[in-house]
Amino acid sequence: MPMLSHFYGILIYIYKEFGVKHHMPHFHAQYAEFEAIYDFEANLIEGDLPRKQRKLVEAWTLLHGDELNAAWKAWNENGEIIKIEGLR
């Protein structure tokens, strides 16, 4: 489970998940004991985060949508991990 980014205690991971219900481009955001899964347009697929962290993840996603798509493609095609800058 490679980490693509991290900021303000939030960890962003990408997984290869075959045959699961949300096998579409997505990432996992973890904060403390919370986890949420988002698509690359900042739509929540599953899980939840505290409000402040949810807003930060949504903003980060909208800023880095093209990079997320490139990272997804690279990871699923050849296992390459492309890091994405976090929020500052």
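**A walk through the predicted model**

Ile84 lies in the segment that follows helix 2, where helices are DSSP runs of H or I with at least four residues, strands are runs of E with at least two, and both are numbered from the N terminus. The model is a predicted one, in which local features need pLDDT of at least 70 and side-chain atom pairs count only at pLDDT 80 or more, while totals for chains, interfaces and linings use all residues. Residues are numbered from 1 along each chain as its sequence is written, and side-chain values use heavy atoms, with hydrogens and water left out.

Ile84 is buried, with a relative accessible area of 4%; buried means under 20% relative accessible area, exposed over 50%, and partly exposed in between, with a 1.4 Å probe and protein chains only. Not counting residues up to four places away in sequence, Ile84 touches Leu4, Ser5, Trp60, His64, Glu67, Leu68 and Ala71, a contact being heavy atoms within 4.5 Å.

Leaving aside neighbours within four places in sequence, the residues in contact with Ser5 include Ile10, Leu11, Ile12, Trp60 and Glu85.

Viewed as a whole, the protein has two helices and five strands, and its elements run β-β-β-β-β-α-α from the N terminus on. Its radius of gyration is 12 Å, close to the 12 Å that the globule rule gives for 88 residues, so the protein is as compact as a globular protein of that length; the radius is taken over C-alpha atoms, and the rule is 2.2 Å times the number of residues to the power 0.38. Along the principal axes, the C-alpha atoms fill a box of roughly 35 × 30 × 20 Å. Buried residues make up 41% of the 88 residues, and of the contacts with a separation of 6 or more, 34% are accounted for by residues 24 or more positions apart.

What does the interior contain? The largest nonpolar core has 19 residues, and those with the most contacts inside it are Ile12, Phe27, Ala29, Val57 and Trp60; such a core is a set of buried Ala, Val, Leu, Ile, Met, Phe, Trp, Tyr and Cys residues joined through side-chain atoms within 4.5 Å. Strand 1, strand 2 (10–13), strand 3, strand 4, helix 1 and helix 2 each supply at least two residues of this core, and helix 2 gives the most, with four residues. Ile12 touches, among others beyond four places in sequence, Ser5, Phe27, Ala29 and Trp60.

The structure also holds five aromatic pairs, in which rings of Phe, Tyr and Trp (its six-membered ring) have centres within 6.5 Å, and planes under 30 degrees apart count as stacked, over 60 as edge-to-face and the rest as tilted. The rings of Phe27 and Trp60 have their centres 5.6 Å apart and their planes at 80 degrees, so this pair is edge-to-face. Because Phe27 lies in strand 3 (residues 27–31) and Trp60 in helix 1 (residues 51–63), the pair ties together parts that are 33 residues apart in sequence. Both Phe27 and Trp60 are buried. The rings of Phe40 and Trp72 have centres 6.2 Å apart and planes at 80 degrees, so this pair too is edge-to-face; it links Phe40, in the loop between strand 4 (34–38) and strand 5 (44–48), with Trp72 in helix 2 (residues 65–78), 32 residues apart.

Finally, two loop residues deserve a look. Tyr8, in the loop between strand 1 and strand 2, has a positive phi of about 50 degrees although it is not a glycine, and Tyr8 is partly exposed, with a relative accessible area of 48%.
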